[in-house]
Amino acid sequence: MLKHEAADRVFHALADANRRAVIERLTSGPATVSELATQLGVTVAATVQHLRVLQDSELVRSEKVGRVRTCQIDPAGLRNAEAWLQRQRTAWEHRLDRLGAVLDDRTKESGS
């Protein structure tokens with residue numbers, strides 16, 4: 001897997017308002033594809049396409065029992081995004097710390 005491929009899939013999946021709505025709905029518990037389609041106001045086929053993107057990014061997993069497919073949150077995808085964001089935050093915090101040190105040094109030099 002490429003360095004940022006997992007995070008790229010997550011951010012791509014979350015870029016769509018319907019997919020974000022699915023994630024928000026699933027945070028309150030599992031739901032069937034039909035329930036999700038009704039909530040989104042789109043066809044079951046369109047909902048399945050959104051779910052495929054969410055599953056590929058490991059944000060959602062589903063299980064089929066008989067003719068009913070039930071979906072739930074899969075925390076793996078969110079962990080991928082969280083790890084990427086944490087790396088970015090750490091890098092920027094280090095840069096800002098270095099900038100702060102340089103500015104402190106310049107302030108001390110000009111005040112002397």
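Q: Is E58 buried, exposed or partly exposed?
A: This is a predicted model. In it, E58 is partly exposed, because its relative accessible area is 32%, which falls between the 20% limit for buried and the 50% limit for exposed.

Q: Where does E58 lie?
A: E58 is in the loop that runs between helix 4 (44-56) and strand 2 (60-65).

Q: What is phi of E58 near?
A: Phi of E58 is near 65 degrees, which is a positive value in a residue other than glycine.

Q: How many bridges join strand 1 to strand 3?
A: There are 2 bridges between strand 1 and strand 3 (residues 68-73), and these strands run antiparallel. A31 has C71 in strand 3 as its bridge partner.

Q: At what angle do helix 2 and helix 4 pack?
A: Helix 2 (residues 17-26) packs with helix 4 at an angle of about 75 degrees, and their axes are 10 Å apart. The two helices are therefore roughly perpendicular to each other.

Q: Which residues meet there?
A: From helix 2, N18, R19, V22 and I23 meet H50, L51, V53 and L54 of helix 4. The residues of this contact comprise 5 nonpolar, 2 polar and 1 charged.

How values were computed. Residues are numbered from 1 along each chain as its sequence is written. This is a predicted model: local features need pLDDT of at least 70, side-chain atom pairs count only at pLDDT 80 or more; totals for chains, interfaces and linings use all residues. Side-chain values use heavy atoms; hydrogens and water are left out. Helices (H or I, at least four residues) and strands (E, at least two) are DSSP runs, numbered from the N terminus. Buried means under 20% relative accessible area, exposed over 50%, partly exposed in between (1.4 Å probe, protein chains only). Two strands pair if DSSP finds at least two bridges between them. Axes are lines fitted to C-alpha atoms, for helices over the stretch in contact, and angles run from 0 to 180 degrees between N-to-C directions. Angles under 35 degrees count as roughly parallel, over 145 as roughly antiparallel, 65 to 115 as roughly perpendicular and the rest as oblique. Contact means heavy atoms within 4.5 Å. Ala, Val, Leu, Ile, Met, Phe, Trp, Tyr, Cys and Pro count as nonpolar, Asp, Glu, Lys and Arg as charged, and the others, Gly among them, as polar.
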